[in-house]
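Welcome! Here is a friendly walk through a few spots in this protein. Have a look at the sequence and the structure, and then read on.

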Amino acid sequence: MDTKADHILTLSCPDRSGIVHAVTGLFAGHGHNIADLQQFSDPSSNRFFMRVHFQPSASEGTAHLNGPFDALAKEYDMDFTIRPFAQKTRVLIMVSKIGHCLNDLLFRMKTGQLNIEVPLIVSNHPEFESLAQSYGIPFIHLPVTAATKQDQEKQVLKLVGEHNVELVVLARYMQILSPTLCDALPGRIINIHHSFLPSFKGAKPYHQAYDRGVKIIGATAHFVTANLDEGPIIEQGVSRVNHGMGPKQLTSEGSNVECTTLATAVRWFAERRLFMNGVKTVVFA
């Protein structure tokens, strides 16, 4: 299917009657086909969410929709974006010394499984510079200590701005972000946590899991907030394990789950399927 002219509309607003009629009527009035539409009304937050994959003509574009949707946004107190379907999401990846998630994301990007582009990789350690170079991606080594953390995070924010970064992915970046950095990029930082939150925090989580004799291990991808590992959950993955598996085997199996869970979360963000809803998320998978 040729999707070069296709676009994605995402919107959220206080829930009320008439929203779907107003949006679809606007597309119908301009002769645009709706290829896919997903919607959700949350009674607990009284918010309405919608994702529309629509097809204007290749020559027409979407500039003519700005005025009508601005008026609609004013009427319904609506936040909305219209984005080309094929436009790649610009992602800054941060990593420390554990590289399986970084390697997996880069491979999926190169093979077209993720519609993203990575303008740079940032790390507080130098280990993965050669991996970044093999993909032709600039590698920025930004060491961090308690004394330099504030300045280091200022550099990260500067890089985000200079490279028009839309999403920051913590691919096993083993540093706690400050509230200042979290607040500067709300809903734009995704972390992978090596367990079902909030279990097995800290070092060697799979050793902790082994010691407790767990029967499943898992990973959680979530948005980062100032509350450590308590941001809105995006995706969770699991794998069944047994008493015969040692810490090394659990770590290997856990690494696979972390990769697939993080990649799924990044894909949903890139495809504009993901909405913040207070302390939760809405995902149109």
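## A buried asparagine

Asn277 is buried, and its relative accessible area is 7%. That value falls under 20%, so the residue counts as buried. Please keep in mind as you explore that this is a predicted model.

Where does Asn277 sit? Its place is in strand β12, which covers residues 274-277. Leaving aside residues up to four places away in sequence, Asn277 touches Asp42, Ser45, Arg47, Phe49 and Val282.

## One face of helix α2

Now turn to helix α2, made of residues 66-76. Phe69, Leu72, Ala73 and Tyr76 are buried there. Looking down the axis of α2, you will find its buried residues within an arc of 100 degrees, so they line one face of the helix.

What do the buried residues of α2 pack against? Their partners are β1 (7-14), α1 (19-29) and β4 (79-84). Just after α2 comes Asp77, which takes a positive phi of about 55 degrees.

## How α1 meets α2

Let us look at one of those partners, α1, in its pairing with α2. The two axes come within 11 Å and cross at roughly 175 degrees. That angle is over 145 degrees, which means that α1 is roughly antiparallel to α2.

From α1, the contact is made by Ile19, Ala22, Val23, Leu26 and Phe27, while α2 brings Pro68, Phe69, Leu72 and Tyr76.

## How α3 meets α8

Another helix pair to visit is α3 (residues 100-110) with α8 (residues 247-270). These helices pack at an angle of about 45 degrees, and their axes are 9 Å apart. With that angle, α3 is oblique to α8. The crossing in which α3 passes α8 is right-handed.

Which residues meet here? On the α3 side they are His100, Cys101, Asp104, Leu105 and Arg108. On the α8 side they are Ser255, Glu258, Cys259, Thr260, Leu262, Ala263 and Val266. The contact of α3 with α8 has six nonpolar, three polar and three charged residues.

Key
Residues are numbered from 1 along each chain as its sequence is written. This is a predicted model: local features need pLDDT of at least 70, side-chain atom pairs count only at pLDDT 80 or more; totals for chains, interfaces and linings use all residues. Side-chain values use heavy atoms; hydrogens and water are left out. Buried means under 20% relative accessible area, exposed over 50%, partly exposed in between (1.4 Å probe, protein chains only). Helices (H or I, at least four residues) and strands (E, at least two) are DSSP runs, numbered from the N terminus. The arc is that of the directions from the helix axis to the C-beta atoms. Contact means heavy atoms within 4.5 Å. Axes are lines fitted to C-alpha atoms, for helices over the stretch in contact, and angles run from 0 to 180 degrees between N-to-C directions. Angles under 35 degrees count as roughly parallel, over 145 as roughly antiparallel, 65 to 115 as roughly perpendicular and the rest as oblique. A crossing is left-handed if the near helix is turned anticlockwise from the far one by less than a right angle, and right-handed if clockwise. Ala, Val, Leu, Ile, Met, Phe, Trp, Tyr, Cys and Pro count as nonpolar, Asp, Glu, Lys and Arg as charged, and the others, Gly among them, as polar.
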